[in-house]
Amino acid sequence: MTEPDAAVIVVAAGSGTRAGGELNKVLTVVAGLPVVAWSVRTALALPDVRRVVVVHRRDEREAMGQALAPHLGEAEVVLVAGGDTRHASEWQALRVIADEIDSGAITVVAVHDAARPLADDDLFARTLAAAREHGGAVPVVPLESVVRRDGAEVGHDQLVTVQTPQAFRAVELLAAYRAAEADGFTGTDTASCVEKYAGVPVVAVPSTQSNLKVTFPGDVELAARLLTSAG
């Protein structure tokens, strides 16, 4: 049996102010689990994943540990404090697994928003597989009913919404973030940094609107219904 060689970084260090309340939205319990725990458990269940890193707010290490611990069973995750931006948080996580990437123990890395609890094992697996083959992969969903300022409708096949998990070959991903640090570059998402510095193709992986991001108060209720119906 091939040794697991993938890592999943779950980013849970965002501000989350639009979801309402003072509690970090990813610590909110939805359908029996904290939002962050859904993605972490999905990642841990993937047979080719050897390392799961959860990036938390600097002041939430204890809260994150308490939220995850009851739902991990015998598995372990690595907790790391995030930075001031998403890019900085991802770089903090990559530093933790850099030695395993340099040694070849980790060959592909997926980066996922903790606020997307409905990303299932199939989406993770397809995205990781596409990244192994092409270099990078992102889940996308076509945008519909988009109208330009001049009133002309834009075809839904021309624009897409990009989701997570975004996956990349590990060596190129780490090299891109090392180069970005040297340049002082901050990417808007993982793919933007890889495209700027790594020069590897980033392909689209079909996804669905059900892989929603818990952003606003109403999203919590919708996510709960979807998670409950999905079992």
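Where is the place of P165? Hello everyone, let me start there. P165 sits in the loop between β10, residues 160-162, and β11, residues 166-169. Please keep in mind that we are looking at a predicted model.

While we are on the backbone, have a look at A31. A31 belongs to the loop between β2 and β3, the latter being residues 33-34. Its phi is near 55°, a positive value in a residue other than glycine. As a reminder, most residues other than glycine have a negative phi. With a relative accessible area of 37%, A31 counts as partly exposed.

Now let me step back to the whole chain. There are 7 helices and 12 strands. Of the 231 residues, 47% count as buried. The accessible surface comes to about 11,300 Å², and carbon and sulfur atoms hold 51% of that. If you take the contacts with a separation of 6 or more, 73% of them are between residues 24 or more positions apart.

On to the inside. The largest nonpolar core has 42 residues, and V36, V40, V54, M64 and L68 are those with the most contacts inside it. Two or more residues each come from β1 (6-12), α1 (35-45), β4 (49-56), α2 (61-68), β6 (108-113), α4 (121-134) and α7 (217-229). Which of these gives the largest share of the core? That is α1, with 6 residues. Another core, of 29 residues, lies apart from this one, and I101, I106, L174 and A191 are among its members.

Let me stay with α1 for a moment. The helix is largely enclosed by the rest of the structure, because 8 of its 11 residues are buried. Those buried residues are V35, V36, A37, W38, S39, V40, T42 and A43. Take V36 as an example: leaving aside residues up to four places away in sequence, V36 touches V10, A12, V26, L27, V54, M64, L68 and A114.

Next, a loop residue, A13. You will find A13 between β1 and β2, where β2 is residues 29-30. Again leaving out residues up to four places away in sequence, A13 touches V55, H56, R57, G82 and S89. A13 and V80 are 67 residues apart along the chain, yet their C-alpha atoms are separated by 9.7 Å.

Is R132 buried or partly exposed? Its relative accessible area is 30%, so R132 is partly exposed. Its contacts, not counting residues up to four places away in sequence, are D5, A6, D48, T107, V108 and R169.

Last, a helix pair. Two packed helices are described by the angle between their axes and the distance between the axes. For α5 (residues 170-183) and α6 (residues 190-197), the axes come within 9 Å and cross at roughly 85°. The two helices are therefore roughly perpendicular to each other. On the α5 side, L173, A176, Y177, A179, A180 and D183 take part, and they meet T190, C193, V194 and Y197 in α6. By class, that contact has 8 nonpolar, 1 polar and 1 charged residues.

That is my tour, and I am happy to go back to any of these places on the screen.

Methods: Residues are numbered from 1 along each chain as its sequence is written. This is a predicted model: local features need pLDDT of at least 70, side-chain atom pairs count only at pLDDT 80 or more; totals for chains, interfaces and linings use all residues. Side-chain values use heavy atoms; hydrogens and water are left out. Axes are lines fitted to C-alpha atoms, for helices over the stretch in contact, and angles run from 0 to 180 degrees between N-to-C directions. Helices (H or I, at least four residues) and strands (E, at least two) are DSSP runs, numbered from the N terminus. Angles under 35 degrees count as roughly parallel, over 145 as roughly antiparallel, 65 to 115 as roughly perpendicular and the rest as oblique. Contact means heavy atoms within 4.5 Å. Ala, Val, Leu, Ile, Met, Phe, Trp, Tyr, Cys and Pro count as nonpolar, Asp, Glu, Lys and Arg as charged, and the others, Gly among them, as polar. Buried means under 20% relative accessible area, exposed over 50%, partly exposed in between (1.4 Å probe, protein chains only). Accessible areas come from the Shrake-Rupley method with a 1.4 Å probe; for residues, only the protein chains shown count as cover. A nonpolar core is a set of buried Ala, Val, Leu, Ile, Met, Phe, Trp, Tyr and Cys residues joined through side-chain atoms within 4.5 Å.
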